[in-house]
Structures are given as C-alpha cells and as structure tokens.
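Trainee: I would like to take a close look at one part of this model with you. Could you walk me through it slowly?

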Amino acid sequence: MLALTELGQRLRQERESKGLSLEDLQKLTKIQKRYLLGIEEGNYEVMPGKFYVRAFIKQYCEAIGLDTDAIFEEYKSDIPSTQTEDMPQQLSRVRSRKEIPQHTKGVSKVYDYLPTVLVVAGVVVVGIIIWVIAQNIVSDKNKEQANQEAPNSEVQQSNTQEETNETTAKNDNSNSEDEQSAADKKEQEKEKAEKEKAAKEKAEKEKAEKEKKDSGKQEYKEVQKTGRSATYALSGTDAFNLEVTSTQADTWLDVKNGKGNAFFSSILKKGETKEFDLTKETEARVNIGYSPGVELKVNGKAVDLPFDSSKQVRQVVTIQYQPAEAQ
C-alpha cells in the first residue's frame, strides 16, 4: 500500500469523522471506489488523466463538506496541474492546410460551363410562363361552372336549413332532459362529498383524542449506554412512530428492526426528513453516521440524542417498544 500524502491523510480523516466509508462516498459522488482510494493514497496513476484528478478531488471535498478552493491552495504541491499539450503541432497543421492555394483550381472551368447554364435557365423561364397561362385557363373554367351550379345550390341550401331546424328542435328537448339529469347527479355528488367530509372529520377528531390521551402516558427512558451506543425503553403508548431529520449536512442513516430487517439504509440529505411507522415492531436500531444537526422525534415528540454530537459524531440508538395494551 502506498504512503498517504498530506492531502490524502486530511481527506481520509475528514471522511472517517463523518462516519462515511469509501462505499458511502462512492454513492454520494458516483466516483468509482478505486479512484477515491487513489486520491487518499496519492496514487494518481490510476486516474484516466490529470484533468480527472482535479475534478475527482473537487467532488470528494464537496461530498464531505470541505472548502474546495482552500484545499487546492493549501495542498497545491500534492495536486497535479493540467496543461494543454501538442498545441504547436496542431496549429502547424492548420496553417499548412490554409497555405494551399485552393482558389486557383477550377476557375477556368466556370467559363467552360457558362453556355450550358444559360440554356438551362432559359428553358426554366419558358416553363414557368407556360404554367402560369395554364393556371389562368383552368381558373376561368372553374368560375363558369360555379355560376351554372349556383341555382341548384340555393335549393339544396333551403332543404338543408329545414333539416337543421328540425334537428335543433330535437336537440333542445334532449338538452332539457340532460340538464335535469346533470342537476340530479350534481346533487347526489354533493351529498356524497358532505358525508365523506363528515366521516373524515370524525376520524381525525378520534385520532387527535387518542394521541392526546396516549401522550400523557408515554414514557421514554434510558436503559443503558456503552461506547457510542445507547438503549431506550418506550412504553405507555399504543403507537411507535419515528421521525429523523438532518438540518446541517448529509448523513448516513440506517434504520432496522430487532430482526435486522432494514427500513432505510442510505444517505439522508440535508433538510430531509424520514418517517417510520414501527408500531408493529418490538425494537428499532437507528445508526446515525453524522449526528450534528440530526433531530429525532418519537410519536411527534422531540427526544435528545444520547451523546454530545461534537464529541461523538457517529451514534447508535436502540429503542425497545412495549405497547400499552401489552402492559
């Protein structure tokens, strides 16, 4: 294994202080784990190129909350700079192509084809004149035919008007029936909506009364503490709802029941809240990778983290739940 550079050692310490593994960082940055490891070890040979070294270091710093500009300035001796290579050779190739006197080729050939171009242009002009004359003749014939058909059209229009009047009368009767049916349907929908609203208000009222009743009995007390883990007992309530909110930075959050089944195991973004209904569980284990700014609520009531987050960044909280009915 390569010796860590000062930059690599700084990045690794900052990552570990936030409780993040290389796999977690890979999920956050979308950078392959082997490149992240190369950054920490100063092994930039594994990177696709110097540009990617700087780009990956920038993403690494942003993911763990470091000032990118300050890091690049402080450790500029550890970070390779990008340079544009082979530019003179490319410019030379461009000049060589421009210097070829292409404009001298084919100039005399224009004069050879000029008579042919003039003949073709004349043929096109004559064709356009013939097409315009033909269009005028067709237009005159159409006008004569329209004048002959006008009387017949007036008779047909009169018959069509009578049929339209009959159809309108039938539609008026039909519309009257449809309006009555629509009014009845609207009244039924209104009654249904009022019943649903009343049922919803009743259910919400019953729920609020139950929560108020349970909140007076709920007890959340510490059972034990060891290392970075603590256990609490939740009792005196028939509900176990957990809310976790991160207010300062992204953090790794893992929530499992007593059997090890995961409800959530991923990054909790800054400002994001996750809610879990654990009423059917007897135990829940909450693993917080970066505890500063993390808030816990049990059944809507805020509870403190077991340790000072400035001293214990990663914390594990186990909550043992015993429903009021079972007590």
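In what sense do strand 2 and strand 10 pair, and over how many bridges? Please take me through the sheets around that pairing as well.

Mentor: Happy to! Keep in mind that this is a predicted model. Strand 2 (residues 229-235) and strand 10 (residues 315-321) pair in the parallel sense, and six bridges join them. Across this pairing, tyrosine 232 has isoleucine 319 of strand 10 standing opposite.

Valine 255 stands opposite phenylalanine 264 in strand 5. Strand 4 and strand 5 form a hairpin, with four residues between them. In the turn, glycine 260 has a positive phi of about 90°.

A search of the whole structure finds six aromatic pairs. In one of them, the rings of tyrosine 220 and tyrosine 232 have centres 4.8 Å apart and planes at 5°; the pair counts as stacked because planes under 30 degrees apart fall in that class. Tyrosine 220 lies in strand 1 and tyrosine 232 in strand 2, so the pair ties together parts that are 12 residues apart in sequence. How covered are the two partners? Tyrosine 232 is buried, because its relative accessible area of 7% is under 20%. Tyrosine 220 has a relative accessible area of 21%, so this residue is partly exposed.

For contrast, turn to the open sheet of four strands, which has the order 6-3-8-9 and antiparallel pairing. Strand 6 (273-277) and strand 9 (301-303) stand at the edges; each has a single partner strand, so one side of each is left without a neighbour in the sheet. On average, neighbouring strands here are turned by 25° against each other, direction ignored. Within this sheet, strand 3 (residues 241-246) and strand 8 (residues 294-298) run antiparallel and are joined by five bridges. Valine 244 stands opposite leucine 296 in strand 8.

Follow the chain on from strand 8 and you come to asparagine 299, in the loop between strand 8 and strand 9. Asparagine 299 is partly exposed, with a relative accessible area of 24%. Lysine 30 also has a positive phi, near 65°, and is likewise a residue other than glycine. You will find lysine 30 in the loop between helix 2 (22-29) and helix 3 (33-41). With a relative accessible area of 72%, lysine 30 is exposed, because this value is over 50%.

Key:
Residues numbered from 1 in each chain as written. Predicted model: local features only at pLDDT ≥ 70, side-chain atom pairs only at ≥ 80, totals over all residues. Heavy atoms only, no water. Pairing = 2+ DSSP bridges. Helix = DSSP H or I, 4+ residues; strand = E, 2+ residues; numbered from the N terminus. Axes fitted to C-alpha atoms, helices over the stretch in contact; angles between N-to-C directions. Buried < 20%, exposed > 50% of the residue type's maximum accessible area, 1.4 Å probe, protein only. Phe/Tyr/Trp six-rings, centres within 6.5 Å; stacked < 30°, edge-to-face > 60°.
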